[in-house]
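Trainee: Please take me through this model one feature at a time, giving the cut-offs of each term as it comes up.

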Amino acid sequence: MRHAEAVHEPDPVDARLGARLAELRAEHGWSLGELAERSGVSRSTLSRAERAEISPTASVLNRLCAVYGRTMSRLLSEVEAEPALLLRAGEQPLWEDRAAGFVRRSVSPPHAGLRGELVEGRLAAGADIAYDRPPVPGLEQHIWVLDGALEVTVRDLAHDLGTGDCLRLRVWGPTRFRCPGPGDARYVLAVVLP
């Protein structure tokens, strides 16, 4: 007896994200190869993400955001319904990079006419996420640790942050977020477009 192979239904957010990534590439008139060259992301990863066969990692999304001149929150907000002025806790979009141990909650997503947004980040103990460039050069960030320990490296300078500490900066180059443990880290990231 032959069993039918299970068909994997993509996550609805991944499906909308994949469609939006394909739209952005088409708007720029780029082939997968051209986007791969510009972003440093392989053609196969780009193709699979556009078809929602995979959920792109935070690092991949950051590279694509840099190419398209968007913050990650702005890209993710483009695949959600138009954000309301008031977002109840249960309505705030979540995105997860399970492989990296990173959960991102868009507390105050981008909105037309506003330059700032708030993100809650949670990194599992030992999680380490590196971004090779900012999505928008000169992006202003305020990183406020709510719980745990967080190491943020900016231009090869590591900043060790504990509960209640806040790091303020403009991002021009690579950054790295690492949770040294022993517990998870929870922080607020305030982002302001230049």
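Trainee: In the loop between which strands is Arg155 found?
Mentor: This is a predicted model, in which local features need pLDDT of at least 70 and side-chain atom pairs count only at pLDDT 80 or more, whereas totals for chains, interfaces and linings use all residues. Residues are numbered from 1 along each chain as its sequence is written, and side-chain values use heavy atoms, with hydrogens and water left out. Helices (H or I, at least four residues) and strands (E, at least two) are DSSP runs, numbered from the N terminus. Arg155 is found in the loop between strand 6 and strand 7.

Trainee: Is Arg155 buried or exposed?
Mentor: Phi of Arg155 is near 50°, a positive value in a residue other than glycine, and most residues other than glycine have a negative phi. For accessibility, buried means under 20% relative accessible area, exposed over 50%, and partly exposed in between, with a 1.4 Å probe and protein chains only. Since its relative accessible area is 56%, Arg155 counts as exposed.

Trainee: What value is phi of Asp156 near?
Mentor: Asp156 also lies in the loop between strand 6 and strand 7, and with a relative accessible area of 79% Asp156 is exposed. Its phi is positive, although the residue is not a glycine, and lies near 65°.

Trainee: In which order do the four strands of the open sheet lie?
Mentor: Two strands are said to pair if DSSP finds at least two bridges between them. Strand 6 (residues 150-154) and strand 9 (residues 175-178) run antiparallel and are joined by four bridges, and Thr153 has Arg176 as its bridge partner in strand 9. The edges belong to strand 4 (128-131) and strand 7 (157-161), each of which pairs on one side only. With antiparallel pairing throughout the sheet, the order is 4-9-6-7.

Trainee: Which peptide bond is cis?
Mentor: Most peptide bonds are trans. The loop between strand 9 and strand 10 (185-192) contains Pro182. With omega near 10°, the cis bond is the one from Gly181 to Pro182.

Trainee: Why is one side of strand 1 and of strand 8 left without a neighbour in the sheet?
Mentor: These strands belong to an open sheet of six, with antiparallel pairing and the order 1-2-3-10-5-8. Strand 1 (94-97) and strand 8 (166-171) stand at its edges, so that one side of each is left without a neighbour in the sheet, because each has a single partner strand.

Trainee: Over how many bridges do strand 2 and strand 3 pair?
Mentor: One of the bridges gives Ser106 its partner in strand 3, Val119. Strand 2 (residues 102-108) and strand 3 (residues 116-123) run in the antiparallel sense, and the number of bridges over which they pair is six.

Trainee: How far apart are the axes of helix 1 and helix 4?
Mentor: Two packed helices are described by the angle between their axes and the distance between the axes. The axes are lines fitted to C-alpha atoms, for helices over the stretch in contact, and angles run from 0 to 180 degrees between N-to-C directions. Helix 1 (residues 12-28) and helix 4 (residues 58-68) pack at an angle of about 30°, and their axes are apart by 11 Å.

Trainee: Which residues of helix 4 make the contact?
Mentor: Contact means heavy atoms within 4.5 Å. On helix 1 the contact is made by Leu17, Leu21, Leu24, Arg25 and His28, and on helix 4 by Leu61, Leu64 and Tyr68.

Trainee: How many residues of helix 4 are buried?
Mentor: Among the buried residues of helix 4 are Leu61, Leu64 and Tyr68. Helix 4 is mostly covered, and of its eleven residues the number buried is eight.

Trainee: How many salt bridges does the structure hold?
Mentor: A salt bridge is a side-chain nitrogen of Lys or Arg within 4 Å of a carboxyl oxygen of Asp or Glu. Among them is the pair of Glu53 and Arg51 (2.9 Å, N to O), while Arg20, Glu23 and Glu27 are linked in a network. The number of salt bridges in the structure is 13.
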